[in-house]
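I opened this entry to record a few look-ups on one model.

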Amino acid sequence: IHNVERDLMDEHFELLPDDVDAIVRERGKNALKEPALYNIAIFDRLLTTDIQAADIMIRSLVDFGESQTRFLQAYLATGEQRRRFIERFTAVSTRVLTYLVSQADLDDALKLELVDVALAHLSASKQRTDTAVFEYLAAHYAEFSVLASDTTTPTQAERISALFAAVSITLPRLEPLGRQVRPSFVSRNLYEVTYENLAIAIGNTVTVALDVIRAANETVYGYVLGHLGTYLDVVDGVSTTIDTGEQFLAVIEDVLQQDAANLGAVIERAAPICKVADFADVSDGAWPALAEHERVPATFSNVSRYVETFGSVDAALATILTASGEITEISAADEASKTALAVAILAAVDQIPSAALRSELVACLNLGSYLDVDDIAAEVGKLFSLLLKLDIIAD
């Protein structure tokens with residue numbers, strides 16, 4: 001009472017429980033917000049017997065003035081109800097994390113324990129953060145029991161993941177997280193793109209092919225498409241990029257829209273069953289990659305449509321023409337289209353150096369009349385004799 005009357009704070013003054021009750025009774029509960037009553041024994045007693053009275057003192061600490069900071073440091077060093085205090089303090093203060101991480105003088109074990117309590121009792125209010133908080137949470141996330149526990153509630157998980165999102169923390173590994181916490185972090189894309197993380201995110205340890213991810217979780221799928229280069233690195237040699245032919249076209253269109261530069265790699269590493277029957281079924285932006293990796297047949301429709309769209313036989317189209325050695329399904333083609341394609345094939349000297357192959361490709365078109373030699377560029381070699389032999393030009 002002598003301290004209180006003179007407004008002198010003595011946080012370490014030793015008081016028995018009955019002493020505390022007498023002081024509170026004498027001064028009244030409203031006096032608990034005054035620094036003169038900041039005392040460890042008083043606070044311990046209130047936290048165990050009268051939480052509403054304790055809350056009066058707790059709310060008075062949120063300003064972090066000189067007296068408040070002094071008492072906070074003293075109580076966190078020796079108080080018996082530190083966990084319960086941080087639980088209640090987190091509900092009313094937005095500066096708990098910055099204080100615990102950057103200002104309070106705590107040993108490593110105690111700091112980890114109290115930050116864990118704060119994370120478990122985050123309120124709907126946004127917590128203040130800084131670089132130190134970011135670094136601490138990122139370094140110790142796997143050690144927090146609230147993140148690892150399967151008993152963490154969905155509300156707790158959502159508030160914790162929202163905090164991590166606010167400071168832009170992406171977890172190296174999802175595996176340490178509890179059953180309720182993982183989905184919350186996955187829904188916010190708060191993890192690095194690794195094979196293990198993707199397998200956990202979609203619940204499939206057999207494959208993380210794009211079509212499988214697409215069917216399992218649209219959020220994960222969108223996240224992977226946004227980090228396609230990284231995805232291709234982590235699945236290289238471990239998983240195909242597309243497993244089923246049924247979803248091949250859909251995934252191609254998505255990749256083409258999101259990251260066209262990596263479309264070729266996605267197609268190249270897709271399962272062998274993944275093919276496109278007709279270029280008309282897919283956007284023309286995907287045609288060169290499909291042709292380059294031989295995922296489309298060399299039908300007259302495909303080859304002529306490609307040449308009409310891109311203006312010539314390029315290296316990609318030359319790949320499937322060289323591989324097939326013939327152009328199929330020409331029965332429905334009109335003569336004008338066949339003639340135009342024949343001229344384009346013969347002109348592709350750089351893409352298809354072999355005069356024999358070019359001549360054979362033209363021969364399989366079954367032209368109804370001779371080609372005009374004025375439409376064929378002269379070249380050194382056997383082309384002229386081959387065209388005569390195959391009855392493509394007049395003798």
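The model is a predicted one.

Entry 1, a helix pair. I looked up helix α7 (residues 96-103) against helix α9 (residues 131-140), and found their axes 9 Å apart at an angle of about 80°. I therefore noted α7 and α9 as roughly perpendicular to each other. On the α7 side I listed Leu97, Thr98, Val101 and Ser102 as making the contact, and on the α9 side Ala132, Val133 and Tyr136. Sorted by type, the residues of this contact of α7 with α9 come to five nonpolar, two polar and no charged.

How much space lies in the largest pocket? I read about 160 Å³. I counted 13 residues in the lining of this pocket, and I wrote down Ile1, Asn3, Phe13, Leu15 and Ile23 as those that lie nearest its centre. Which helix gives the most to the lining? I found helix α1 (residues 2-5), with three residues. By type I noted nine nonpolar, three polar and one charged among the lining residues of the largest pocket.

I checked helix α23 (residues 355-363) for buried residues and got Ala355, Leu357, Arg358, Ser359, Leu361 and Val362. I noted that the charged-type name Arg358 is on this buried list. I then asked what covers the buried residues of α23. The cover includes α21 (315-324), α22 (335-347) and α24 (383-389).

Notes:
Residues are numbered from 1 along each chain as its sequence is written. This is a predicted model: local features need pLDDT of at least 70, side-chain atom pairs count only at pLDDT 80 or more; totals for chains, interfaces and linings use all residues. Side-chain values use heavy atoms; hydrogens and water are left out. Buried means under 20% relative accessible area, exposed over 50%, partly exposed in between (1.4 Å probe, protein chains only). Helices (H or I, at least four residues) and strands (E, at least two) are DSSP runs, numbered from the N terminus. Contact means heavy atoms within 4.5 Å. On a 1 Å grid over the protein atoms alone, a cavity is a set of points where a 1.4 Å probe fits but cannot get out, and a pocket is an open set with protein on both sides within 12 Å along at least five of seven lines; lining residues have an atom within 4 Å of a point. Grid points are joined across faces, edges and corners, and a volume is the space filled by probe spheres set on the points. Axes are lines fitted to C-alpha atoms, for helices over the stretch in contact, and angles run from 0 to 180 degrees between N-to-C directions. Angles under 35 degrees count as roughly parallel, over 145 as roughly antiparallel, 65 to 115 as roughly perpendicular and the rest as oblique.
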